[in-house]
Amino acid sequence: MGELILVRHGQANSGATTEEDYDRLSALGHMQAGWLGEWFSQQEAGFDQVYRGTMRRHRETAEGIGVAAQADARLNELDYFALARDMEITHGMPIPATQQDFADHIPQTLKAWHAQEINGSEPFAEFEARIATVLAEAATPGRRVLCVTSGGVIAMSLRIALGLDMDRLAQVLLPIFNSSVHRFRVVEGGTFLTSFNAVPHLEGPEREEARTWV
């Protein structure tokens, strides 16, 4: 049996209005990555292979964890800002200004993207296909593989593994914590979810405010 472990990056620049400006860890994000690295070093047996997306926040998270990771652009996040601009143009929906606006915006945006009403920087089908491809390669029986990536990639991984529809895809995407850990059991018959959205390195009241999702 093998194990595939997906980690979301630490908190990024949540006040950004462009992908470029968002793509860097906040001070808290660096701390989250460091705490996760400490937890892994104390609790995990090590990894046979580590991959990360090519975005800055992925690199900084992997460095904070303390792992040498191979960069793979297929683990990069969907371009939410491009999708939001398309929604504003085609459906008249303003770009979210608050966390609640974001929570309302995501389900409608994903549905429109899936229905090919908007395209963003890549079609939905292409995003889904690249995630399926990289996960199929990373999920190897008998090996423990860690992937440092983003929330949209993790949600899509759950869609692929569990057959989620678009409503459920949005519902699993929204609560994914920064620096959270998601585990899949890998056997000859397939890849199966065993743990979702764990933050063992953020347990305890002293780190309650460090449990962020934006």
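I began with the second largest pocket, which is lined by Leu4, Leu6, Ala132, Leu135, Ala136, Ala139, Ser157, Ile160, Ala161, Phe184 and Thr191. I noted the pocket rule: on a 1 Å grid over the protein atoms alone, a pocket is an open set of points with protein on both sides within 12 Å along at least five of seven lines, and lining residues have an atom within 4 Å of a point. This is a predicted model, where local features need pLDDT of at least 70, side-chain atom pairs count only at pLDDT 80 or more, and totals for chains, interfaces and linings use all residues. Residues are numbered from 1 along each chain as its sequence is written, and side-chain values use heavy atoms, with hydrogens and water left out.

**Second largest pocket, continued**

I read off a volume of about 160 Å³. A volume here is the space filled by probe spheres set on the grid points, which are joined across faces, edges and corners. β1 (2–8), α6 and α7 each give at least two residues to this lining. Helices (H or I, at least four residues) and strands (E, at least two) are DSSP runs, numbered from the N terminus. By class I found nine nonpolar residues, two polar and no charged. Ala, Val, Leu, Ile, Met, Phe, Trp, Tyr, Cys and Pro count as nonpolar, Asp, Glu, Lys and Arg as charged, and the others, Gly among them, as polar.

**Largest pocket**

I then turned to the largest pocket, with about 670 Å³ of space. Its lining has 28 residues, and Tyr22, Tyr80, Phe81, Phe102 and Val214 lie nearest the centre. α1 (19–22), α4 (80–91), α5 and α7 are the elements that give two or more residues to this lining. The classes are 16 nonpolar, eight polar and four charged.

**Cavities**

A cavity is a set of grid points where a 1.4 Å probe fits but cannot get out. I counted two cavities of 30 Å³ or more. The largest cavity has a volume of about 40 Å³. Leu78, Leu110, Trp113, Phe124, Phe127, Gly152, Ala155, Met156, Leu169 and Leu173 line the largest cavity. Nine lining residues are nonpolar, one is polar and none is charged.

The second largest cavity holds about 30 Å³. Its lining includes Leu78, Asp79, Trp113 and Glu122. I found three nonpolar, three polar and two charged residues there.

**Helix α8**

Which residues of α8 are buried? In this helix (residues 166–173) they are Met166, Leu169, Ala170, Val172 and Leu173. Buried means under 20% relative accessible area, exposed over 50%, partly exposed in between (1.4 Å probe, protein chains only). Seen down the axis of α8, the buried residues fall within an arc of 165°, so they line one face of the helix. The arc is that of the directions from the helix axis to the C-beta atoms. These residues pack against α5 (99–114), α6 (124–138), α7 (151–162) and β6 (190–198). Contact means heavy atoms within 4.5 Å. I also checked the N-terminal end of α8, which Asp165 caps with a side-chain oxygen 3.3 Å from the backbone nitrogen of Asp167.

**Thr61**

Last, I looked up Thr61, found in helix α3 (residues 56–65). Thr61 counts as buried because its relative accessibility is 1%. Its side chain reaches the backbone nitrogen of Gly10 at 3.1 Å. Leaving out residues up to four places away in sequence, Thr61 touches Arg8, His9, Gly10, Leu25, Ala33 and Val148.

Definitions and conventions:
Polar contact = N/O pair within 3.5 Å; in protein donor to acceptor, adjacent residues only side chain to side chain.
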